[in-house]
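Hi everyone, thanks for coming. I'd like to walk you through one structure today, so let's get it up on the screen.

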Amino acid sequence: MRSLWVSVVFGAVVAIALGAVRSSADAPKPVKPIEKPDHVTPPTEAPDLDPPSGTPCVRRDFKTELVKNACAAGGQKAAKDAMKQFQTDHKIKACLACHQKLAPKYELKADGLDQFHKAGGK
Ligand code: HEC
(Lines give C-alpha, C1' and ligand atoms only; values in the text may rest on other atoms or scores of the structure.)
Protein backbone atom coordinates (compact mmCIF):
# COMPACT_ATOMS: atom_id res chain seq x y z
CA MET A 1 0.00 0.00 0.00
CA ARG A 2 2.76 2.33 0.92
CA SER A 3 4.55 1.91 -2.41
CA LEU A 4 1.37 2.88 -4.20
CA TRP A 5 1.34 6.23 -2.39
CA VAL A 6 4.99 6.73 -3.14
CA SER A 7 4.42 6.19 -6.81
CA VAL A 8 1.36 8.46 -6.80
CA VAL A 9 3.31 11.24 -5.16
CA PHE A 10 6.29 10.67 -7.38
CA GLY A 11 4.07 10.68 -10.43
CA ALA A 12 2.48 13.92 -9.37
CA VAL A 13 5.86 15.55 -8.83
CA VAL A 14 7.04 14.46 -12.24
CA ALA A 15 3.84 15.66 -13.83
CA ILE A 16 4.19 19.06 -12.19
CA ALA A 17 7.82 19.30 -13.21
CA LEU A 18 7.00 18.39 -16.79
CA GLY A 19 4.16 20.86 -16.82
CA ALA A 20 6.50 23.56 -15.58
CA VAL A 21 9.05 22.83 -18.28
CA ARG A 22 6.40 22.76 -20.94
CA SER A 23 4.77 25.98 -19.85
CA SER A 24 8.07 27.79 -19.61
CA ALA A 25 8.88 26.65 -23.13
CA ASP A 26 5.49 27.89 -24.30
CA ALA A 27 5.75 31.11 -22.38
CA PRO A 28 5.35 34.18 -24.56
CA LYS A 29 8.48 36.13 -25.36
CA PRO A 30 9.19 38.88 -22.85
CA VAL A 31 7.59 42.11 -23.84
CA LYS A 32 9.93 44.52 -25.49
CA PRO A 33 11.20 46.93 -22.85
CA ILE A 34 9.76 50.38 -23.03
CA GLU A 35 12.23 52.64 -24.69
CA LYS A 36 13.74 55.30 -22.54
CA PRO A 37 13.19 58.85 -23.59
CA ASP A 38 16.30 60.55 -24.88
CA HIS A 39 16.38 63.13 -22.17
CA VAL A 40 16.01 61.74 -18.73
CA THR A 41 16.07 64.71 -16.44
CA PRO A 42 17.42 63.90 -13.02
CA PRO A 43 14.94 64.53 -10.27
CA THR A 44 15.36 67.92 -8.75
CA GLU A 45 13.48 69.85 -6.17
CA ALA A 46 11.77 71.87 -8.85
CA PRO A 47 12.02 71.91 -12.59
CA ASP A 48 14.77 74.32 -13.44
CA LEU A 49 15.79 74.11 -17.04
CA ASP A 50 19.15 75.37 -18.04
CA PRO A 51 18.77 78.71 -19.70
CA PRO A 52 19.89 78.69 -23.31
CA SER A 53 23.52 79.69 -23.49
CA GLY A 54 23.90 83.38 -23.94
CA THR A 55 20.83 84.25 -21.88
CA PRO A 56 21.76 87.30 -19.87
CA CYS A 57 20.88 87.57 -16.22
CA VAL A 58 17.54 89.14 -15.40
CA ARG A 59 19.05 91.33 -12.74
CA ARG A 60 20.56 94.60 -13.72
CA ASP A 61 21.34 95.76 -10.25
CA PHE A 62 23.48 93.26 -8.43
CA LYS A 63 23.81 93.02 -4.70
CA THR A 64 26.47 90.37 -4.72
CA GLU A 65 29.87 90.08 -6.31
CA LEU A 66 29.44 86.39 -6.92
CA VAL A 67 26.41 86.74 -9.11
CA LYS A 68 27.51 89.99 -10.67
CA ASN A 69 30.77 88.50 -11.83
CA ALA A 70 29.19 85.27 -12.99
CA CYS A 71 26.54 87.14 -14.95
CA ALA A 72 29.16 89.32 -16.55
CA ALA A 73 31.26 86.32 -17.47
CA GLY A 74 28.64 83.93 -18.75
CA GLY A 75 25.11 85.16 -18.25
CA GLN A 76 22.45 83.28 -16.41
CA LYS A 77 23.99 79.89 -17.01
CA ALA A 78 27.18 80.95 -15.27
CA ALA A 79 25.20 82.53 -12.44
CA LYS A 80 23.37 79.29 -11.99
CA ASP A 81 26.58 77.32 -11.87
CA ALA A 82 28.05 79.77 -9.39
CA MET A 83 24.96 79.49 -7.21
CA LYS A 84 25.14 75.71 -7.32
CA GLN A 85 28.73 75.86 -6.20
CA PHE A 86 27.84 78.33 -3.47
CA GLN A 87 25.06 76.15 -2.28
CA THR A 88 27.27 73.07 -2.13
CA ASP A 89 30.09 74.93 -0.42
CA HIS A 90 27.77 76.23 2.25
CA LYS A 91 25.74 73.07 2.62
CA ILE A 92 22.48 74.81 1.86
CA LYS A 93 19.78 72.32 1.00
CA ALA A 94 17.82 73.99 -1.70
CA CYS A 95 17.85 76.81 -4.16
CA LEU A 96 14.39 77.53 -2.86
CA ALA A 97 15.77 78.35 0.56
CA CYS A 98 16.54 81.78 -0.85
CA HIS A 99 14.65 81.89 -4.10
CA GLN A 100 10.94 82.19 -4.35
CA LYS A 101 11.01 80.88 -7.88
CA LEU A 102 13.65 79.59 -10.21
CA ALA A 103 13.90 80.01 -13.96
CA PRO A 104 13.42 82.29 -15.68
CA LYS A 105 13.53 85.12 -13.18
CA TYR A 106 14.91 83.66 -9.97
CA GLU A 107 12.90 85.94 -7.71
CA LEU A 108 14.37 86.07 -4.24
CA LYS A 109 12.57 85.56 -1.01
CA ALA A 110 12.42 88.56 1.25
CA ASP A 111 15.39 87.26 3.19
CA GLY A 112 17.20 85.64 0.27
CA LEU A 113 19.94 88.22 0.12
CA ASP A 114 20.25 88.17 3.87
CA GLN A 115 20.70 84.44 3.89
CA PHE A 116 23.31 84.76 1.20
CA HIS A 117 25.35 87.18 3.30
CA LYS A 118 24.85 85.19 6.47
CA ALA A 119 26.14 82.12 4.72
CA GLY A 120 29.28 84.12 4.00
CA GLY A 121 28.60 85.13 0.41
CA LYS A 122 29.96 88.32 -1.07
C1 HEC B 1 21.86 81.55 0.24
C2 HEC B 1 20.80 82.04 -0.60
C3 HEC B 1 20.75 81.52 -2.05
C4 HEC B 1 20.69 80.23 -2.46
C5 HEC B 1 20.70 78.95 -1.61
C6 HEC B 1 20.61 80.26 -3.90
N7 HEC B 1 20.62 81.53 -4.35
FE8 HEC B 1 20.56 82.11 -6.29
N9 HEC B 1 20.71 84.07 -5.72
C10 HEC B 1 20.78 84.51 -4.42
C11 HEC B 1 20.88 85.96 -4.40
C12 HEC B 1 20.98 86.82 -3.16
C13 HEC B 1 20.88 86.37 -5.76
C14 HEC B 1 20.96 87.80 -6.30
C15 HEC B 1 22.39 88.21 -6.35
C16 HEC B 1 22.60 89.67 -6.67
O17 HEC B 1 21.68 90.48 -6.63
O18 HEC B 1 23.78 89.98 -6.92
C19 HEC B 1 20.77 85.16 -6.56
C20 HEC B 1 20.74 85.14 -7.95
C21 HEC B 1 20.64 84.01 -8.72
C22 HEC B 1 20.66 83.98 -10.17
C23 HEC B 1 20.76 85.17 -11.11
C24 HEC B 1 19.45 85.32 -11.82
C25 HEC B 1 19.38 86.51 -12.74
O26 HEC B 1 19.16 86.27 -13.93
O27 HEC B 1 19.52 87.65 -12.28
C28 HEC B 1 20.53 82.68 -10.53
C29 HEC B 1 20.49 82.11 -11.97
C30 HEC B 1 20.44 81.90 -9.33
N31 HEC B 1 20.51 82.73 -8.25
C32 HEC B 1 20.28 80.53 -9.32
C33 HEC B 1 20.30 79.77 -8.15
C34 HEC B 1 20.23 78.33 -8.17
C35 HEC B 1 20.08 77.48 -9.42
C36 HEC B 1 20.31 77.93 -6.87
C37 HEC B 1 20.38 76.50 -6.33
C38 HEC B 1 21.47 75.71 -6.86
C39 HEC B 1 20.43 79.13 -6.06
N40 HEC B 1 20.40 80.22 -6.87
C41 HEC B 1 20.53 79.11 -4.69
C42 HEC B 1 20.74 83.74 -3.27
C43 HEC B 1 20.71 82.34 -3.24
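If we skip residues up to four places away in sequence, leucine 66 touches Ala82, Phe86, Gly121 and Lys122. Before you get too attached to that, remember that this is a predicted model.

Where does leucine 66 sit? You'll find leucine 66 in helix α2.

Okay, is leucine 66 buried, exposed or partly exposed? Leucine 66 has 17 C-beta neighbours inside 10 Å, so it counts as partly exposed. To be called buried, a residue needs 20 or more.

Now zoom out to the whole protein. We've got three helices and zero strands, and reading from the N terminus the order is α-α-α. Of the 122 residues, 9% are buried. And if you take the contacts with a separation of 6 or more, 41% of them join residues 24 or more positions apart.

Last stop, the ligand. There are 27 residues around the ligand, and the ones that come nearest are Cys57, Arg59, Met83, Cys95 and Cys98. Two elements give two or more residues to that shell: α2, which spans 65–89, and α3, which spans 112–118. Which element gives the most? That's α2, with eight residues, and α2 is also the helix where we found leucine 66. As for classes, the shell has 15 nonpolar residues, plus six polar and six charged ones.

That's my tour, happy to take questions.

Notes. Residues are numbered from 1 along each chain as its sequence is written. This is a predicted model: local features need pLDDT of at least 70, side-chain atom pairs count only at pLDDT 80 or more; totals for chains, interfaces and linings use all residues. A residue is near a molecule or strand if its C-beta atom, placed from the backbone, lies within 6 Å of it. Helices (H or I, at least four residues) and strands (E, at least two) are DSSP runs, numbered from the N terminus. Ala, Val, Leu, Ile, Met, Phe, Trp, Tyr, Cys and Pro count as nonpolar, Asp, Glu, Lys and Arg as charged, and the others, Gly among them, as polar. A residue is buried if 20 or more other C-beta atoms lie within 10 Å of its own, exposed if 12 or fewer, and partly exposed in between; C-beta atoms are placed from the backbone. Two residues are in contact if their C-beta atoms, placed from the backbone, lie within 7 Å.
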